[in-house]
Amino acid sequence: MTHIGTEISPTHHRARLAERRRERLHRIEPRGRREYTARERAEMFVDAGSFVEMTPLRTDGNGKGAGVVIGWGRIDGRGVVVISHDAAVASGAIGAIFAETVQKAQRHAIDHGFPIVYINDSGGARIHDGIFALHGCGGIFALNVEAQQRVPQISLILGPCAGAAAYSPALTDWTIMVKEQGQMFLTGPEIVKAATGEDASADEIGGSGMHTETSGVAHLEVTSEREAFHAARLLLSYLPSHVGAPMPDLEPRRPDPVAAERLPYVVPDKASVVFDMHQVIDGVLDGGPRLELMPAHGTSILTVFGHLDGRPVGVLANQPGARGGILDAKSSVKAARFVEFCTRFGLPVITLVDVPGFLPGTVEESRGVITHGAKLLKAYAEATSPLLTVIVRKAYGGAYIAMGSKSLGADYSWAWSGAEIAVMGPGGAVALLHRRALRDSDQPEALRDELAAEYRENVARPYLAAEAGIVDDVILPEETRDRLVDALATLSQPAPRTQAYPQAGGARAQR
């Protein structure tokens, strides 16, 4: 026992701090499929040696750790805040101290303009903390929402993410899950079994395959923790640190030379023959790394991050190789989410169009395709970053409007010389316009083909739209990259400081 007035040597203080640190930083071997501890995950994610832990000695009332490791570090030299759940403390369950610690990190990121990466591994709210745990979870969610308008947020699911813990990833921008290791669900297998009688595994209820293919709750599936860290770092490389921050531009690179040379021949002569829109992307964007999000969900739409002349861009494209590039409820939600995210952080959106329309039928109507399609219209209409649209082959009906049309605010719109723009495809149009002639004809199939060809050349070709100024020009495929680069350079010029009269046009005019 130390008496008042007794001096304690500096050596004793140092030893006491060293002991506290050893206790707090003692490594507990990860359980199950986990590869690393919470602290190791945070340190591995950021640049080597850059992680600085915040409140490392924080404990709950029982002397245990907070259950989460928070801190900041650097990714390619830029600041980032990391929040890493510690499954070694109460299985990562969210208690009052846990929630308070997470909110401290969130507030730091919002106030200083750092992206937030959440490394999730939690069984949900801590039952023993009762209402205090639920109150803390609500505070985390509120800051998730506040952060949406300020900084990018990425969630990595490296273990269970159950109950209340699952809502935070759903409020972040992008979610990456490790296959056969991460799960997300509101209720686990035991409760599901008791409530409904359904006998399902954790992977069936909330595994990475289900969420990246069917539900769309998660956006990328990877095979290891290291791969998850790499994907998150790559994603951050396309984004500014916060809204209004400088873009992380690179040195411009030419496209893949083989892809660029093949660009004029990618689209088949026959309209019904599919092709891979990735070939167009390869021939137009800079060579080098790219990141496609949600590749297994809503596959008729591609959502890709890449670079154009060294500048980060988002590419939204129909994929003719998947259901002809048609829009349905899932792909509409996927596309709207991507456009909204890109424009929130100032990334130009390049839209590559080959769309036959919206998928018809009772199934899609019952899924709310009208509402979900309207979300895509809204995303483009509210966009405040550059919008550049290229009609590669066909653009029919309401889907033409939804895919970044001039009427929704595209800054520039071009059509390839073989493109078609119409209310509907030639086959459907002829069937409606000439049904009597087809009914009375001795050779209806030959007449249908003749009338369809006439409709395609006289009505659907893009020259009518170009003459009316609805598209800016009709171009050759090999001219696409230069047009996009020039347009982006023009749109990136700073606005003049003096304005003698008010602008018209709403949000688009304020860019």
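The structure is a predicted model, in which local features need pLDDT of at least 70 and side-chain atom pairs count only at pLDDT 80 or more, while totals for chains, interfaces and linings use all residues. Residues are numbered from 1 along each chain as its sequence is written, and side-chain values use heavy atoms, with hydrogens and water left out.

Helix 12 covers residues 329–344, and its 16 residues reach 23 Å from the first C-alpha to the last, close to the 22 Å expected at 1.5 Å a residue; the expected span is 1.5 Å times one less than the number of residues. Burial is judged by relative accessible area, with buried under 20%, exposed over 50% and partly exposed in between (1.4 Å probe, protein chains only). Twelve of the 16 residues of helix 12 are buried, so the helix is largely enclosed by the rest of the structure. Among the buried residues are F338, V339 and F341, together with K334 and R344. At the start of the helix, a side-chain oxygen of D328 comes to within 3.3 Å of the backbone nitrogen of K330. After helix 12 comes G346, with a positive phi near 85 degrees.

A cavity is a set of points, on a 1 Å grid over the protein atoms alone, where a 1.4 Å probe fits but cannot get out, and lining residues have an atom within 4 Å of a point. Grid points are joined across faces, edges and corners, and a volume is the space filled by probe spheres set on the points. The count is two cavities of 30 Å³ or more.

The largest cavity has a volume of about 70 Å³. Its lining includes I83, H85, F98, Y118, N120 and F141. Strand 3 (78–85), helix 3 (96–112), strand 4 (116–122) and helix 4 (130–148) each contribute at least two residues to this lining. For residue classes, Ala, Val, Leu, Ile, Met, Phe, Trp, Tyr, Cys and Pro count as nonpolar, Asp, Glu, Lys and Arg as charged, and the others, Gly among them, as polar. On that basis the lining of the largest cavity has eight nonpolar, three polar and no charged residues.

The second largest cavity, at about 60 Å³, is lined by residues including R78, P115, L236 and P240. Strand 3 gives the most to this lining, with three residues. Here the classes are six nonpolar, two polar and one charged.

With a disulfide taken as a pair of cysteine sulfur atoms within 2.5 Å, the count is zero. C137 is buried at 2% relative accessible area, and C161 is buried at 0%.

M294, in the loop between strand 9 (291–293) and strand 10 (301–308), has a positive phi near 55 degrees although it is not glycine, and M294 is buried at 4%. D309, in the loop between strand 10 and strand 11 (311–318), also has a positive phi near 55 degrees, but D309 is partly exposed at 29%. I131 lies in helix 4 and counts as exposed at 59% relative accessibility. Its C-alpha is separated by 8.9 Å from that of A96, 35 residues apart along the chain.

How values were computed: Helix = DSSP H or I, 4+ residues; strand = E, 2+ residues; numbered from the N terminus. Polar contact = N/O pair within 3.5 Å; in protein donor to acceptor, adjacent residues only side chain to side chain. 1 Å grid on protein atoms, 1.4 Å probe; cavity = no way out; pocket = protein on both sides within 12 Å on 5 of 7 lines; lining within 4 Å.
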